[in-house]
Amino acid sequence: MADVPKNQGLNLTRYMYRMTFSKKGRAKFISHLDLMRAMQRTFKRAGLPIWYTQGFNPHPYIMFPLALSLGVESEIEPMDVALLEKLENEEIKSRLNMVMPEGIRIETVGEPVCDHLDIYRSDYEIIIKTDRPPEETLKFFSEFVSADEIIIKKRLKPKKNRRETHREIDVREYVKLLGIEASNEGVKINIRLATSAGNDFNLNYTPLLDAFSEKYNIDINYISAKRTKILCRNGENFI
Amino acid sequence: MELKEKIEQLLLNVQKPARYIGGEVGSVVKDKNKVDVRFAFCFPDTYDVGMSHLGMKILYGLKNNVENYWCERVFAPEKDFENVMQENNIPLYGLESLDPIKDFDFIGFTLQYELSYTNVLNMLDLAGLPVLAKDRTDDMPVVVAGGPCACNPEPLADFIDLFILGEGEEVNLELMSLYEKMKPARDKRPEKYEFLRQAAKIKGIYVPAFYDVSYNDDGTIKAVTPNIPEAPEKITKRIIKDFDKVYYPDSFVVPFTSIVHDRAVVEVLRGCIRGCRFCQAGFIYRPFREKEVDTISRQTKYLCEQTGYEEVSLSSLSTSDYREIEMLLENLVDYTDKENISLSLPSLRIDNFSEKLLEKIQRIRKSGLTFAPEAGTQRLRDVINKNVSEEEIMETCKLAFLGGYSQVKLYFMLGLPTETMEDIEGIAELGKKIIDLYYSIDKSKRNGNNIQISISTATFVPKPFTPFEFEPQATREEISAKQKHLLESLSSRKIKLSYHNQDVSVLEAVLARGDRRVGQVVLRAWEKGCVLDSWDEYFDFPKWQEAFDECGIDPEFYANRFRSYDEILPWDHLDYLVSKSFFVRENKKAHEAMTTRNCKEGCSGCGIPKDCGGVYCG
């Protein structure tokens, strides 16, 4: 018996949208995989007609060019969506935000301009608390990221039946400190790190903080982080 | 640091943290200063399991529908987070407010299976409360429990303040309303004893402390007697008479992490007409009541729109017994097809699985086919009153193969009353016949050239409020011999066999028909570290065995003993409206391999009153 795909030949016309959304508060615990499901359901609740892929197993076309680590907040996560209808950007935004899970808001809706592979850098705002006074942490961290070499341990994919291994690498060219201040609330670090939606080098702040903690023998007992910007190779915001 | 902030930091180091922080679409957050009664609805297992439970969704919506009541969800943490909670002094909290549940008015547990009992104790302890009811003072919440296992609540009698028997949609609100009235002020609790005394007057409420149990020399129960005038001799379960009009939520909490049943669920009917003699659900949810087609269609549409789910499932004990099933499916499929929603129909029976119905389901989805013949021979199927004949099984399989199925799952039980080795061989033979049937169909008309049959066997656990409540469970030795014989009887490599853990079945049997003395064992086992017993990786039977030994309680007394018809059973003071004399009659018929007709064919006088809304009750 021949199976016919459910929506074979139904709709080949689609309208591409690029949206950015913020992900804050409790929503930072939604994993990348779960976020996909959550967004699909949000579009369904909003009654926005998503374009489905035209295969044997049609699925709604929603795509996140970048992954955000679990536990990290963001102000500007990009998301590409294909809809069956051409709708006003503002209408899409307000209909989605009415039914969005707590902590997630659509910030912008527009047509895609940049290519995913243009993504080059991300800015983060990181607050850390350590076992040292904030001023001391500030001093050491500034020193750490201003040095000629920033050596971190990069985890390597374990080969079959082997233990996990690490490789030491210098990430100097991938790190740029944008600002740092100390207060009773801890040390606030604004930092720019290499980010890629393709195969280029991608630097997470976690190994950087681990390397800092190890080098200066400082215990970090609180971290909160937020992505604040995504930049293209040409220095412009990714839109 | 505020509890919320503390939890957030710690969650960075646990598995699937989204389970512990709430904030899902559909979760209800209220201003606690404007709320009079706070209810912590606890599912005594992990989030992934508990969030799939329909009863919780119904009662959560029902309570939160009342403006000044606030119901929150609470689940058992996985071991990794439990350790983190204990190391950092985080008390068990509600997922909506993240407030400790020891500050709530009610803590309510749903008892879905016996192996969750240690989780009940563990959650009370994590909340910072004494596990024994008598040790909890007036400044602590009232601890209540309901659900199917509340039909024999005796093993938990020492830990729970009151049990709710039967369906919860009305009685939960009555209970909360009584509490609200008895509160001296918004931030003060009523005196607990007085509250329980008043609550005992509500139909369906069982306060175990108001009953004394005495025992005969042989260990059986001599009498269960009320010790205050307010406590009725018999406590009767609650029934929703107008099932079509009963509250049903128009929204679910939509989880972020994937859970066991991650979909919209609409209840189409309650109760079962069948009367399979091993099945507790078949009796305790009687009578059989249905919702109207329009009601179900409306609720389906509402739920899908509100949740955004891409899948909806119809829930019942036997969906094909719904009288208007074809009309219902026609209605639903039109809607779900249009919306790219898939419709799933669990609980279809073999005997009335028509060609037309199969066609409808095909439009929906092609997954595996699951049958539960339960027993290998017609004689034994007659004993258990599973009125399915071999011809029907074959006929349905044929339809299914022609419809493109090539995977069949078969469920059986081992250790049923009167079972012989011949019945065991019957299981293997049935499997073989299905394979032969598949290959007898022309290649061009069936799907592929490879059939897969999975046979899954569970050990029979006799349950209260069934005709087999008197029966002994087969011993370990008997079951091992039967498993071995079945394995030897299987000749085809196309059949895959799996069976349940024997220790689990023994423990279920003891807890299901245990009396109050079994409570000590539950307590001792929990003290020894038993928790999450329904998870293979955590189940530790040697510890349970130690607990039995130390309490001087013999599991065989509960699991493997034949009870005479006139023995007072631990649940005899609870009335689930199906009469004991009916169970005795059914038990006798079982031993003569005589079947009983289903409710649709005619009433067999089970004892359910006519005025309970049953479709076939007069």
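Modeller: Happy to. Of the 239 residues of chain A, 43% count as buried, where buried means under 20% relative accessible area, exposed means over 50% and partly exposed lies in between, with a 1.4 Å probe and protein chains only. This is a predicted model, in which local features need pLDDT of at least 70 and side-chain atom pairs count only at pLDDT 80 or more, while totals for chains, interfaces and linings use all residues. Residues are numbered from 1 along each chain as its sequence is written, chains are lettered from A and ligands numbered from 1 in the order in which they are written, and side-chain values use heavy atoms, with hydrogens and water left out.

Chain A is built from four helices and ten strands, in the order β-α-β-β-α-β-β-α-β-β-β-β-α-β along the sequence. Helices (H or I, at least four residues) and strands (E, at least two) are DSSP runs, numbered from the N terminus. The C-alpha atoms of chain A fill a box of roughly 65 × 45 × 35 Å along the principal axes. Among its contacts (heavy atoms within 4.5 Å) between residues at least 6 apart in sequence, 73% join residues at least 24 apart.

Chain A carries 37 positive and 34 negative side chains, and the centres of the two sets lie 5 Å apart. Here Lys and Arg count as positive and Asp and Glu as negative, without His or the chain ends, and a charge is placed at NZ of Lys, CZ of Arg, CG of Asp or CD of Glu.

On to chain B, with the buried residue Leu121(B). Leu121(B) sits in helix α5 (residues 117-126) and has 0% relative accessibility, so it counts as buried. Beyond its neighbours within four places in sequence, Leu121(B) is in contact with Val131(B), Leu156(B), Phe159(B), Val522(B), Leu523(B) and Trp526(B).

Ser579(B) lies in the loop between β19 (574-575) and α20 (580-591). At 25% relative accessibility, Ser579(B) is partly exposed, and it touches Cys606(B) and Gly607(B), leaving out residues up to four places away in sequence.

Some backbone details are worth a look too. Most residues other than glycine have a negative phi, and most peptide bonds are trans. A cis peptide bond, with omega about 0°, joins Arg286(B) and Pro287(B), and Pro287(B) is in the loop between α8 (281-284) and β12 (289-290). Asn340(B) has a positive phi near 60°; it belongs to the loop between α10 (325-338) and β14 (342-344) and is partly exposed, with a relative accessible area of 28%. Thr418(B) has a positive phi near 70°, sits in the loop between β16 (407-414) and α14 (421-440), and is partly exposed at a relative accessible area of 31%.
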